[in-house]
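Open your viewer and load the model.

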Amino acid sequence: MQNITTVTHKIRFAFFLKHILFVAHTCCILAYLGCSKNKEVIYNQPATFWYEGIFKNIRLGNLETADSYFSSLQSEHLNSPLLPESMLALGQAHLNNEEYILSDFYFKEYLKRYGNSSNADYISYLRLKSHLYAFKNSSKDQRFMSDSIALIQEFIQKYPNSRYLPFVYEMEVKFALGQNELNTAIARVYAKNNKKEAEQIYNERIDSDLQIATNPKPSKVPWYMLLLNW
């Protein structure tokens, strides 16, 4: 009798376990189908669909999705009149979100494709703004500094009557002071390593007249940069 009871319990447990496994398996399938549905690729939509999606996702702060929608808009509707506005909006959105490389990309592409005599100085100015705001993260990058100063000088030559010129002159001073500080720091490193020739080269690159005229306060150097002799 005891053996029969034991067998009965085992059978009931087996059925119970089988039921649990069935439910778990069903849940996994439903979850998979749900994920597949959410990840369904959207394509072949009208330009207004992508355009509205771009601005909706910008408002929600989903810039990665907005970028994806823009990519679909330009690949499916290459000559759409909605492209320029979308490109500018994404450039501004990335600028506001401190994603300066992406903002510079959109402004540069806009200038290349849609720039004209009435908007070129404004778009170029936005590019310079993205470089200026990126300054705090790239102030130790020699290439970034020299490229930014070259862009500023190009703006001054191309648009001598631009309404944005006073702001660009101010940017030029900030970048020149930043480059002075960078050259001073590099010269200091060479001095500590007793490399006199290299130290002299970087000291000669410092604009002493600008330093005297502006008397800038040295920027804060993070502690980890001090460990690297900066």
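**Stop 1: the whole chain**

Bear in mind that this is a predicted model. Color the chain by secondary structure. How many helices and strands does the chain have? There are twelve helices and zero strands. Reading along the sequence gives α-α-α-α-α-α-α-α-α-α-α-α. Now color by burial. Of the 230 residues, 32% count as buried. Next, think about contacts between residues at least 6 apart in sequence: 57% of them join residues at least 24 apart.

**Stop 2: helix 4**

Select residues 83-96, which form helix 4. Helix 4 has 14 residues. From first C-alpha to last, helix 4 reaches 20 Å, close to the 20 Å expected at 1.5 Å a residue. Is helix 4 largely enclosed or largely open? Ten of its 14 residues are buried, so helix 4 is largely enclosed by the rest of the structure. Show the side chains of the buried residues, among them Ser86, Ala89 and Ala93. The buried residues of helix 4 pack against helix 2 (47-60), helix 3 (63-76), helix 5 and helix 6. Glu98 follows helix 4 and has a positive phi, near 60 degrees.

**Stop 3: helix 4 against helix 5**

Look at how the pair lies. The axes of helix 4 and helix 5 are 7 Å apart, at an angle of about 155 degrees. Angles over 145 degrees count as roughly antiparallel, so helix 4 is roughly antiparallel to helix 5. The crossing is left-handed. Now show the contact. On the helix 4 side, the residues include Leu83, Met87, Leu90 and His94. On the helix 5 side, they include Tyr100, Ser103, Phe107 and Arg113. By class, this contact has twelve nonpolar, four polar and two charged residues.

Stay on helix 5 for a moment. Which of its residues are buried? They are Tyr100, Ser103, Asp104, Tyr106, Phe107, Glu109 and Tyr110. Keep Asp104 on screen for the next stop.

**Stop 4: His131**

Select His131, which sits in helix 6. Is His131 buried or exposed? His131 is buried, with a relative accessible area of 11%. Set aside its neighbours within four places in sequence. His131 is then in contact with Asp104, Phe144, Ser148, Leu151 and Phe175.

**Stop 5: helix 6 against helix 9**

Show helix 6 (residues 120-133) and helix 9 (residues 165-192) together. Their axes come within 11 Å and cross at roughly 30 degrees. That makes helix 6 roughly parallel to helix 9. This crossing is left-handed. Select the contact next. Helix 6 supplies Tyr125, Leu128, Lys129, His131 and Leu132. Helix 9 supplies Phe167, Val168, Met171, Lys174 and Phe175. By class, the contact has seven nonpolar, one polar and two charged residues.

**Stop 6: Pro160**

Finish in a loop. Pro160 lies between helix 8 (142-158) and helix 9. Pro160 is partly exposed, with a relative accessible area of 49%. Pro160 and Asp121 are 39 residues apart along the chain, and their C-alpha atoms are separated by 9.8 Å.

Conventions
Residues numbered from 1 in each chain as written. Predicted model: local features only at pLDDT ≥ 70, side-chain atom pairs only at ≥ 80, totals over all residues. Heavy atoms only, no water. Axes fitted to C-alpha atoms, helices over the stretch in contact; angles between N-to-C directions. Helix = DSSP H or I, 4+ residues; strand = E, 2+ residues; numbered from the N terminus. Parallel < 35°, antiparallel > 145°, perpendicular 65-115°, else oblique. Left-handed = near helix turned anticlockwise from the far one by under 90°. Contact = heavy atoms within 4.5 Å. Nonpolar A, V, L, I, M, F, W, Y, C, P; charged D, E, K, R; others polar. Buried < 20%, exposed > 50% of the residue type's maximum accessible area, 1.4 Å probe, protein only. Expected span 1.5 Å × (residues − 1).
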